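Biologist: I have not looked at this one before. Can you walk me through it?

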Amino acid sequence: MTQWDAIVLGAGPAGIAAATRLSAGGARVMLVDENTAPGGQIWRGVETASPQRIALLGADYLYGQHRVAALRASTATLALNTVLWRVESDGVVWLKTPGGLVRHHSPHLILATGAMERPVPLPGWTLPGVTTIGGLQILLKKNGILPAGPLLLLGTGPLFYLYALQCIKAGKRDIVMLDTAQRRNWLPAAKAFPHALTGAGRYYLLKGIGLLSALRWHRVPFFTGVSDVSIVQEPLHGGLVLHCRTGRTTRTFAARQIGLHEGVIPEQHVARSLGCAFVWDEIAAAFKPRRSAELESSVAGVFIAGDAGGIGGYHVAEAEGRIAASIILHRLGKLDATPMRQEQHAAQHLCQSHLTSRPLLNRLYAPSPEILTPQDSALACRCEEISCAAVREAIRLGANGPNQLKAFLRTGMGPCQGRLCATTIAHLFAAERHIPLEDVGFYHIRNPLAPISVGDLADFYQEQKHCLPAIQATE
Ligand SMILES: Cc1cc2nc3c(=O)[nH]c(=O)nc-3n(C[C@H](O)[C@H](O)[C@H](O)COP(=O)(O)OP(=O)(O)OC[C@H]3O[C@@H](n4cnc5c(N)ncnc54)[C@H](O)[C@@H]3O)c2cc1C
């Protein structure tokens, strides 16, 4: 088993910054990511993007090229195309690589696993042609692919507007935007406005205003206050039909593709499988891990940086990656206390500045009850095809929490291992039982975190058996 000073999981802005800093400080560090290249969500495909695609995706994307180049120039070992499927609290990390299963060990882990899109369990969300906007954006960033035919974008939040504009700039015209942001969010958002004008908040506000103005300038058909959404498939041509209400008007739209997006939430599975403690963040409407000022989780030696610790954007993700790295360098005896504290304070200051607009964004784009506690006919668990009606019925019959619900209905036991249904199930329990979300709890996350084959496991143990005499000989 290979030993490292630190293992960083996730090669997005947080993981790249952490690995680059650790390597510059003289640590032996391995950076793991399931993708074939570093970049994470925001800088996906940045090393191979054409100048046209870079121009389309903008300055934030271009900046990623420099960060990835700095990582490549460092001594950090990159384990790409590699999925972490099991991790133990003593620092043993099990990876699935293209060459088979391997184990590594480090006393310091940095989880920089980023965010995932909040599930949007509307009736019809599992139909062919209905996907997340993040998924559509991955096709654009990685392969320059735009959806064919009429496209409906439904949802709210920065990525909703950003992707629409990216499509328009790439030449797509047959788009209709259906905005689900609610008017009742305006007052709480307005209260957060003065704070959003401080620090770097102005930059995000200006960016948002620029985005909305550009969409207006391009005359993208735009409907606000959209609710009561359901999607069905046209029986004859297989196209999609979306029914909804805007105010008191009932509307119907036809499309070939529908993109859904209701904001992003921290990815929790790896940290949960380690037993890290989580708290419910009411304003962000999401669970986030409990972390010290040094970004250490409730499990000693396990740090959580970037969006996995709470949504903050790429500047915050990078700064947090540097904080975790400098603390680890200090613990390794490679960085004195004074420069470590200076680095930590500078990065914390940057985070504070870049987080001033977050309360406003969280309130303005807060998901509606329709998304959090969907109607009965919507599927809560799409892997096992379990409806919200069935979940409500099981709760009424006495299921005492998400884990017992698995025994009732097999929710969360399909290939995604509860990634997509966990928050919906938690909300349904909270609503039916009238209890706070923190009291509902969460699925116990079990290994494997990603699918692995029995053949992979057999090969791994076979190789271990062959290695045994050699290990004994050296001992
Ligand atoms: C779908 C989506 C699209 C986004 N697009 C934009 C955008 O266009 N512009 C913008 O400003 N912000 C965007 N964001 C927000 C952006 O992700 C954050 O601002 C920032 O990139 C967070 O950086 P990070 O390093 O914390 O995580 P990420 O950039 O998300 O990186 C996490 C990395 O960890 C890897 N990973 C996770 N689990 C495992 C595992 N078990 N094994 C191996 N690897 C693993 C992931 O594949 C990913 O590469 C997007 C977010 C999402 C969810």
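Modeller: What follows covers the domains, a sheet and a helix of this predicted model.

Biologist: Which domains is the protein divided into?

Modeller: The assignment gives domain 1 (2-116 + 265-335), domain 2 (119-262) and domain 3 (373-440).

Biologist: How far apart do the C-alpha centres of domain 1 and domain 3 lie?

Modeller: Those centres are 30 Å apart. The contact between the two involves 5 residues from domain 1 and 5 residues from domain 3. On the domain 1 side, 4 of the residues touching domain 3 are nonpolar and 1 is polar, with no charged residues.

Biologist: How many bridges link strand 10 and strand 17?

Modeller: There are 3 bridges between strand 10 and strand 17 (residues 257-262).

Biologist: Different topic. Which residues of helix 15 are buried?

Modeller: In helix 15 (residues 402-409), Pro-402, Leu-405 and Leu-409 are buried. Viewed down the helix axis, the buried residues fall within an arc of 40 degrees, so they line one face of helix 15.

Biologist: What covers the buried residues there?

Modeller: The cover includes strand 23 (386-387), helix 14 (388-397), helix 16 (422-433) and helix 17 (437-440).

Biologist: And what comes just after helix 15?

Modeller: Arg-410 does, with a positive phi of about 70 degrees.

How values were computed
Residues numbered from 1 in each chain as written. Predicted model: local features only at pLDDT ≥ 70, side-chain atom pairs only at ≥ 80, totals over all residues. Pairing = 2+ DSSP bridges. Helix = DSSP H or I, 4+ residues; strand = E, 2+ residues; numbered from the N terminus. Buried ≥ 20, exposed ≤ 12 C-beta atoms within 10 Å, placed from the backbone. Arc of directions from axis to C-beta. Contact = placed C-beta atoms within 7 Å. Domains from an automatic or database assignment. Nonpolar A, V, L, I, M, F, W, Y, C, P; charged D, E, K, R; others polar.
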